[in-house]
Amino acid sequence: MTNQEPPTDTQRQGKRTRIDPSAKDPSTADRPQNQARQPPKSLAEAFIRSHVASLHPQLASILEKLGIDQVHRLQSVYNKQTQSARMEDDSEFIPRSARLEFKFHMTKSSFC
C-alpha cells in the first residue's frame with residue numbers, strides 16, 4: 001500500500017485505538033477533585049458532616065456523632081454479610097481466623 005491509496009475496511013480494523021490521556025473520566029467529571037477517589041465510607045461521613053453543619057452546634061455535634069457511628073456499624077454489617085455469603089457459597093472456605101495448625105504425634109508402637 002502506498003501513501004496515496006486510501007485504507008480499506010480490513011486495514012482499518014487492524015488499527016489500534018488510542019485514548020486521549022487528557023480526557024476526563026465521565027464518572028468523576030461532575031465531582032470536585034478532592035472527592036474523585038475517596039472511598040464510599042469517607043464520602044458518607046463527609047455527607048453527614050455537611051448536612052448537619054447548618055444545625056444548632058450542640059444538636060449538630062450529637063447528630064454527626066450518631067450518624068458517623070451508624071455508618072461504621074453499617075460497614076461492619078456489610079463486611080460480615082459478604083464474608084457469610086462467601087462461606088455459604090464455598091463449602092471449603094475457611095476464614096483465616098478459624099485456621100489452626102494441626103500436628104499429630106504418634107508413638108512408634110502405634111504403627112505396628
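1. Helices in this note are DSSP runs of H or I with at least four residues, numbered from the N terminus. The model under review is predicted. Under that definition, residues 57-89 form helix α3, and L66 is found in α3.

2. Together with L55, L59, I62 and L63, L66 makes a nonpolar surface patch of about 420 Å².

3. The packing of α3 against helix α2 deserves a separate point. Two packed helices are described by the angle between their axes and the distance between the axes. Helix α2 covers residues 40-52, and the axes of α2 and α3 cross at roughly 160°, coming within 9 Å. Because angles over 145 degrees count as roughly antiparallel, α2 is roughly antiparallel to α3. The crossing of the two helices is right-handed.

4. As to the residues involved, α2 makes the contact through K41, A44, E45, I48, R49 and V52. On the side of α3, the contact is made by A60, L63, E64, G67, I68, V71, H72 and Q75.

5. Three salt bridges are present in the structure. One pairs E45 with R49, whose closest N and O atoms lie 4.0 Å apart. E45 and R49 are four residues apart in helix α2, so about one helical turn separates them.

Conventions: Residues numbered from 1 in each chain as written. Predicted model: local features only at pLDDT ≥ 70, side-chain atom pairs only at ≥ 80, totals over all residues. Heavy atoms only, no water. Patch = residues over 30% accessible without salt bridge, like charges linked within 9 Å, V, L, I, M, F, W, Y side chains within 5 Å. Areas by Shrake-Rupley, 256 points an atom, 1.4 Å probe, with all protein chains shown as cover. Salt bridge = Lys/Arg side-chain N within 4 Å of Asp/Glu carboxyl O. Axes fitted to C-alpha atoms, helices over the stretch in contact; angles between N-to-C directions. Parallel < 35°, antiparallel > 145°, perpendicular 65-115°, else oblique. Left-handed = near helix turned anticlockwise from the far one by under 90°. Contact = heavy atoms within 4.5 Å.
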